Amino acid sequence: MMGCGMPVRILAVVVCVLGWAGAANAAPPTAIFPFEIFDTSGEPPQSDLTDRLAMATRVLSEALEKTGHYSPIDLGPLGAEVAATAPRYRCGDCFLPVARRAGAAFAVISVAHKVSSLVTSMDIWIFDASSGAATAHLGGQIRGDTAEAYEHGVRFLVRNRLPAQTPADPGAQAK
């Protein structure tokens, strides 16, 4: 007959093993920088543009997390440093020190290039935060200059253009 302490010990071992296995399979922390706009359309910006870019960033964060390969981290405490890196699509790798300071293994930057109210190109780059190497580029065009078009575009790019194999340990990949 087992003593009262034996089931508790077995339960403790199971919890420790499952916790360790979960930690070993955890997605790497990922700094997802806010979506930016590069507008060459010559048209006046729409009043909902700031909200639309924030929504696109939120959708990107959720979609990448759903893949199981990325774990978005909060860049809020580094807001001033994040803002100082804008525009990231023209700054080289100026965002990498901010991603590293946030404890990220990956850094994600994204831009919507508005050509006209009908055509916008979207680009999402994923970088190894330690080496600066690009690990993925998701690019495509969307039709329309609306929140729905942006949301659809982000979801499409993550679902259809994100490589199936992503580096599990970004620091371990070839540089």
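**Group meeting: a loop, a strand and a disulfide**

Let me start with Y89, which sits in the loop between α3 (79-84) and α4 (96-101). Before going on, please keep in mind that this is a predicted model.

Is Y89 buried, exposed or partly exposed? Its relative accessibility is 26%, so Y89 counts as partly exposed. The cut-offs behind that word are simple: a residue is buried under 20% relative accessible area, exposed over 50%, and partly exposed in between.

Which residues does Y89 touch, if we ignore its neighbours within four places in sequence? They are E36, I37, F38 and V111.

Next, the disulfide. The structure has one. C91 is joined to C94, with an S to S distance of 2.0 Å. The angle about the S-S bond is -85°, and the link of C91 and C94 is left-handed. As for accessibility, C91 is at 24%, so C91 is classed as partly exposed. C94 is at 27%, and therefore C94 is classed as partly exposed.

Now to a strand. S110 belongs to β4, which covers residues 106-114. Is S110 buried or exposed? With a relative accessible area of 3%, S110 is buried, because buried means under 20%. What does S110 contact, leaving out its neighbours within four places in sequence? The list is F33, P34, F35, E36, L60, D123 and I124.

Let me finish with the protein chain as a whole. How many helices and strands are there? The chain has five helices and six strands. Read from the N terminus, the order of the elements is α-β-β-α-β-α-α-β-β-β-α.

The chain has 175 residues, and 37% of them are buried. S110 is one example of a buried residue. The accessible surface of the chain is about 9600 Å², and carbon and sulfur atoms hold 60% of that surface.

Last, contacts along the chain. Take the contacts with a separation of 6 or more: 63% of these are between residues 24 or more positions apart.

That is all I have.

Definitions and conventions:
Residues numbered from 1 in each chain as written. Predicted model: local features only at pLDDT ≥ 70, side-chain atom pairs only at ≥ 80, totals over all residues. Heavy atoms only, no water. Helix = DSSP H or I, 4+ residues; strand = E, 2+ residues; numbered from the N terminus. Buried < 20%, exposed > 50% of the residue type's maximum accessible area, 1.4 Å probe, protein only. Contact = heavy atoms within 4.5 Å. Disulfide = S-S within 2.5 Å. Areas by Shrake-Rupley, 256 points an atom, 1.4 Å probe, with all protein chains shown as cover.
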